[in-house]
Amino acid sequence: MRKWIAAFTLFFSLTGYTQVTPDSAKLEWFRDAKLGIFIHWGIYSVNGVDESWSFHNKLIGYPDYMAQLKGFTANKYNPEAWAALIKESGAQYSVITTKHHDGVALYDSKLSTLDVVNSTPAKRDLLTPFYQAIRKQGIKAGAYYSLIDWSRNDYPGFLKDSSRYTIKEEPNRWQQFLQFTHGQINEVMTNFNPDLIWFDGDWEHSAEEWKAPKIRQDILSKNPNAIINARLQGYGDYATPEQHIPVSRPSGDVWELCMTSNKNWGYHPDDTAYKTPYELIAIFADVISNGGNLLFDIGPREDGWIPDEQVHLLKELGKWNKKHAPAIFGTRAGLPYGHFYGPSTLSKDSTTLYLFMPYNAAGKAVIKGLNNEITSIKVIGTNNALQHKVVGKISWSHVPGIVYVDDIPASAKDNYMTVLEVKLKGKLSLYRGKGGFQ
């Protein structure tokens, strides 16, 4: 993942930069999914250093970084256990690194010996059993692939303050790299047939240089239903802001926030700044309230062991998701800002609102500008029904009153975030005026 260009990534992704018109029907499962699990696994987990960026930023020498190949064993790797944990979290898809910027593939690439089969003690393809395991669980398969490759001599960039060559001066050398890159993408598509391709590293070259239209065409020729993230210089299907929650709702109805469980993507034993379950759930609620998905990251150790803190986060998130599933999966973006002070979602048929309340929320839930009558309100996961009243509605005015929902009984509150189900008479209708006669 990117380190120093995170802010640029956020701006680039949220501006909706695209040169293709995504197939809306093909993206329907992705809109419904809401949650994916990202997995960053590679040789960087041997010493617990930054994935690829540690040598790019000169925190470690390249020879020392690549020496980690000798320590990558995967000897405790249990893809079935990984898949079961992902399923328990409530995730509907999972994206794993097939190759990061360091060039080390997690499968047996026929185009290079720099892979875990030929260059590490693991000596086996790690991706096929993973994809088989998650598909058995009904989870969609995603493949991360880095377009850049800092280990190849035919790639022009290596360190941020130097470059091997320029494409203009050595076009044949660049074409050689493109042939390799397009070939590996073809391998990923042929070997694993992923439902989703998650590109990274596109920022160093233009769409023309990458031959992005051909990459897209080649992917869709293998799997017409595959969807592609936006990091293909305008030839992807959906935006992928990184780490930072958008303050305003992104344009378009398909986007995804990718975020780490602590501060790093891969295994980092020195990083103990893990999010709490409440923080994770609050972030997730905010994302789905704005119509997005959360791609939440874990970073296994070189042997395949997943840190206890990450397991705990996924299990707690899973418990909450299971309890509140109707308010999460298959929903759409909720109320615009100003109508309700908190996250919300809306059922696909637009007749049910879901209001997300913090555990210790004081006072009453308030909804403004709701034209609909409310037929019922209940606390999801309980038998508690709540009453409400409308304040400030004037008979001669078309402006709706303010809805005040009764306090939630202490016994009905969730440990992390309580969710209210508000059934409406008819499809959601909101007043967006300025009050008075307007």
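**Exercises on strand pairing and helix packing**

In this predicted model, R332 stands opposite L346 in β9.

**Exercise 1.** State which strands make up the open sheet that contains β8, and find its edges.

*Solution.* α11 (residues 277-289) lies across β8, β9, β10 (352-358) and β15 (417-424), and runs at about 25° to β15.

**Exercise 2.** Determine how β2 pairs with β1 and with β3.

*Solution.* Step 1: β1 and β2 are parallel, with four bridges between them; here I39 stands opposite I96 in β2. Step 2: β2 and β3 are also parallel, over six bridges, and S94 stands opposite A141 in β3. Step 3: check burial. Seven of the seven residues of β2 are buried, that is, under 20% relative accessible area.

**Exercise 3.** Explain why the buried residues of α7 lie on the same side of the helix, and list what they pack against.

*Solution.* Step 1: in α7 (residues 127-136), the buried residues are L127, F130, Y131, A133 and I134. Step 2: they share a side of α7 because they cover an arc of only 160° around the axis. Step 3: their packing partners are β1 (35-39), α5 (79-89), β2 (93-99), β3 (140-146) and α8 (171-192). Step 4: just after α7, G138 has a positive phi of about 80°.

Technical notes
Residues are numbered from 1 along each chain as its sequence is written. This is a predicted model: local features need pLDDT of at least 70, side-chain atom pairs count only at pLDDT 80 or more; totals for chains, interfaces and linings use all residues. Side-chain values use heavy atoms; hydrogens and water are left out. Buried means under 20% relative accessible area, exposed over 50%, partly exposed in between (1.4 Å probe, protein chains only). Helices (H or I, at least four residues) and strands (E, at least two) are DSSP runs, numbered from the N terminus. The arc is that of the directions from the helix axis to the C-beta atoms. Contact means heavy atoms within 4.5 Å. Two strands pair if DSSP finds at least two bridges between them. Axes are lines fitted to C-alpha atoms, for helices over the stretch in contact, and angles run from 0 to 180 degrees between N-to-C directions.
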